[in-house]
Amino acid sequence: MIFLKYLDFLKKIILANFKQLKRPYKIFLVVTKSCGSRCSNCLIWQEKPSKELSISEFELIAVNLGPSLSWLNISGGEPTDRDDLLEIINVFIQKCPTY
Ligand code: SF4
């Protein structure tokens with residue numbers, strides 16, 4: 001079963017190089033712009049976090065992606081600054097089952 005999962009993932013990666021997929025297999029999700037660090041190569045910490053997506057908005061994204069999503073890259077800011085980070089992850093686990 002795990003072999004089929006990786007095979008499907010590989011197929012999506014290869015196909016994405018030749019055509020536009022109906023839905024993305026990979027998304028880069030900025031869950032917050034909040035960050036306690038002050039890295040010189042990044043200015044995101046100078047922004048005031050605002051209009052962050054709610055759980056129901058993440059759920060809407062996840063439902064629309066469904067099983068096509070194989071790769072979720074969670075980023076920020078500092079994602080752990082969100083108290084509901086585990087809830088966000090769980091939404092994608094529940095709504096985007098690959099098998
Ligand atoms: S988001 Fe990352 S790179 Fe930017 S300030 Fe925070 S820790 Fe540094």
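Student: Which residues does L69 touch, leaving out those up to four places away in sequence?
Tutor: In this predicted model, L69 touches K12, P24, Y25, K26, I27, F92, C96 and T98.

Student: Is L69 buried or exposed?
Tutor: L69 has a relative accessible area of 5%. Buried means under 20%, so L69 counts as buried.

Student: And where is L69 found?
Tutor: L69 lies in the loop between α2 and β2, the latter being residues 71-75.

Student: What separates the C-alpha atoms of L69 and K48?
Tutor: A distance of 30 Å separates these C-alpha atoms, and the two residues are 21 residues apart along the chain.

Student: Let us turn to the helices. At what angle do α2 and α3 pack?
Tutor: Helix α2, residues 55-65, packs against helix α3, residues 85-95, at about 25°, and their axes are 9 Å apart. Angles under 35 degrees count as roughly parallel, and α2 and α3 are therefore roughly parallel to each other.

Student: Is the crossing left-handed or right-handed?
Tutor: The crossing of α2 and α3 is right-handed.

Student: Which residues make that contact?
Tutor: From α2 come I55, F58, E59, I61, A62 and V63, while α3 supplies E87, I88, V91, F92 and K95. By class, the residues of this contact are eight nonpolar, no polar and three charged.

Student: Now the ligand: what surrounds it?
Tutor: The residues around the ligand are C35, S37, C39, C42, I44, W45 and G77.

Student: How does that shell divide by class?
Tutor: The shell around the ligand has five nonpolar and two polar residues, with no charged ones.

Note on methods
Residues are numbered from 1 along each chain as its sequence is written. This is a predicted model: local features need pLDDT of at least 70, side-chain atom pairs count only at pLDDT 80 or more; totals for chains, interfaces and linings use all residues. Side-chain values use heavy atoms; hydrogens and water are left out. Axes are lines fitted to C-alpha atoms, for helices over the stretch in contact, and angles run from 0 to 180 degrees between N-to-C directions. Helices (H or I, at least four residues) and strands (E, at least two) are DSSP runs, numbered from the N terminus. Angles under 35 degrees count as roughly parallel, over 145 as roughly antiparallel, 65 to 115 as roughly perpendicular and the rest as oblique. A crossing is left-handed if the near helix is turned anticlockwise from the far one by less than a right angle, and right-handed if clockwise. Contact means heavy atoms within 4.5 Å. Ala, Val, Leu, Ile, Met, Phe, Trp, Tyr, Cys and Pro count as nonpolar, Asp, Glu, Lys and Arg as charged, and the others, Gly among them, as polar. A residue is near a molecule or strand if one of its heavy atoms lies within 4 Å of it. Buried means under 20% relative accessible area, exposed over 50%, partly exposed in between (1.4 Å probe, protein chains only).
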